[in-house]
Amino acid sequence: MIEYFISLRPMSCNKMKLFFISLFFILLQTSCNDKPKEILSVVDTNTKTEAKTKIEKKNIPKDTLNITSDFVLGKFDYKSDSTFVKVESRYSVKEIYLNHLVYQAFLKMAKAAKRDSIDLKILSGTRNFYEQKAIWNRKWNRYSNLNPTERSKKILEYSSMPSTSRHHWGTDIDLNSLNNSYFNTGKGLRTYTWLKEHANNFGFYQVYTNKNNGRTGYNEEKWHWSFVPLASKYLDFYNSNIKTEDISGFEGSQLAKDLRIIEDFVNGIPNEIKKYKKQYTP
Ligand SMILES: [Zn+2]
């Protein structure tokens, strides 16, 4: 077609028809191609905006004093809470969420550990009321030969009543193995020795230590580490706002008072951690 404009020779009628028909199809094709592009570009912009908003939200530290009773009792959905983040698969064995400040501190600790050839893997992080209830019920059925008090005490050796677990808060992690003996030799011992020496520098403390100094509650757990700068605030709130009557909704919950669940288990941590008052600065 272009040659006609270049040569400036008059076109015949048929050639003119052919020219305009061709031009019509070219324009039609161009206009069809343009529309989907426009829609795509709108979608792209929206997706980018949404993604950006999500990232920005995660970067805004939540006012840690804005704590509710439902939160400390585990009655909330951490997966849709913007202050919680998913742990990368290289540091976890399944889908695990943590409070984002806790996760940042964990990443620093895990990287420092890696430099010393220690691998830290999170086996369990945040658990809500219902997930804790599933654990409780499974063990409740396992010990069905015992009376309700003995049954609860047996479970309480290592597991919490729903609404009383530090795992509700997104501040506590179980690392590498759920077996104390793993940490007594070889790789496990090297990992535990490293944690004892360095974890406090990153804000993590073993809260269920041996009971030689009169600590009450759960048995020793060498795998359970708590980010105390934040957890201590949640524990303060718990002690000021939660009563035994708030612990309900599962088999055996009526025993919470007699078993001194809040006094001996929720507060069954070493004295130096109870006194922890250092403010956390990210
Ligand atoms: Zn634990």
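Which residues have the most contacts inside the largest nonpolar core? In the predicted model described here, local features need pLDDT of at least 70 and side-chain atom pairs count only at pLDDT 80 or more, while totals for chains, interfaces and linings use all residues. Residues are numbered from 1 along each chain as its sequence is written.

The secondary structure consists of 10 helices and six strands, where helices (H or I, at least four residues) and strands (E, at least two) are DSSP runs numbered from the N terminus. Of the 282 residues of the protein, 28% are buried; a residue is termed buried if 20 or more other C-beta atoms lie within 10 Å of its own, exposed if 12 or fewer do, and partly exposed in between, with C-beta atoms placed from the backbone. Among contacts with a separation of 6 or more, 72% are between residues 24 or more positions apart, a contact being a pair of residues whose C-beta atoms, placed from the backbone, lie within 7 Å.

The largest nonpolar core comprises 47 residues, and those with the most contacts inside it are Leu 98, Val 102, Phe 106 and Met 109. A nonpolar core is here a set of buried Ala, Val, Leu, Ile, Met, Phe, Trp, Tyr and Cys residues joined through C-beta atoms within 7 Å. Helix 4 gives the most to this core, contributing seven residues. In soluble globular proteins, nonpolar side chains tend to be buried together.

Helix 4 covers residues 100–115; its 16 residues should span 22 Å at 1.5 Å a residue, and the 23 Å between its end C-alpha atoms agrees with this. The expected span is 1.5 Å times one less than the number of residues. Buried positions in helix 4 are His 100, Leu 101, Val 102, Tyr 103, Ala 105, Phe 106, Met 109 and Ala 110. Leaving aside residues up to four places away in sequence, Met 109 touches Leu 120, Ala 199, Phe 202 and Phe 204. Ser 117, which follows helix 4, has a positive phi near 65°.

An open sheet of four strands is arranged in the order 3-4-6-5 with antiparallel pairing, two strands being paired if DSSP finds at least two bridges between them. Strand 3 (122–124) and strand 5 (204–206) form the edges, each pairing on one side only. From one strand to the next, the twist averages 45°. Strand 6 (residues 224–227) is joined to strand 5 by three bridges, and three bridges also join strand 4 to strand 6. Within strand 6, Ser 226 stands opposite Asp 172 and opposite Tyr 205, whereas Trp 225 stands opposite Gln 206. His 224 and Ser 226 point one way from strand 6, Trp 225 and Phe 227 point the other way, and all are buried. Helix 8 (residues 228–241) lies across strand 4 (172–175), strand 5 and strand 6, running at about 80° to strand 6; axes are lines fitted to C-alpha atoms, for helices over the stretch in contact, and angles run from 0 to 180 degrees between N-to-C directions.

In helix 6 (residues 148–155), the buried residues are Arg 151, Ser 152 and Ile 155. Viewed down the axis of helix 6, these residues fall within an arc of 95° and therefore line one face; the arc is that of the directions from the helix axis to the C-beta atoms. The buried residues of helix 6 pack against helix 5 (129–142), while Thr 149 and Glu 150 are exposed on the other side of helix 6.

Note on methods
Two residues are in contact if their C-beta atoms, placed from the backbone, lie within 7 Å.
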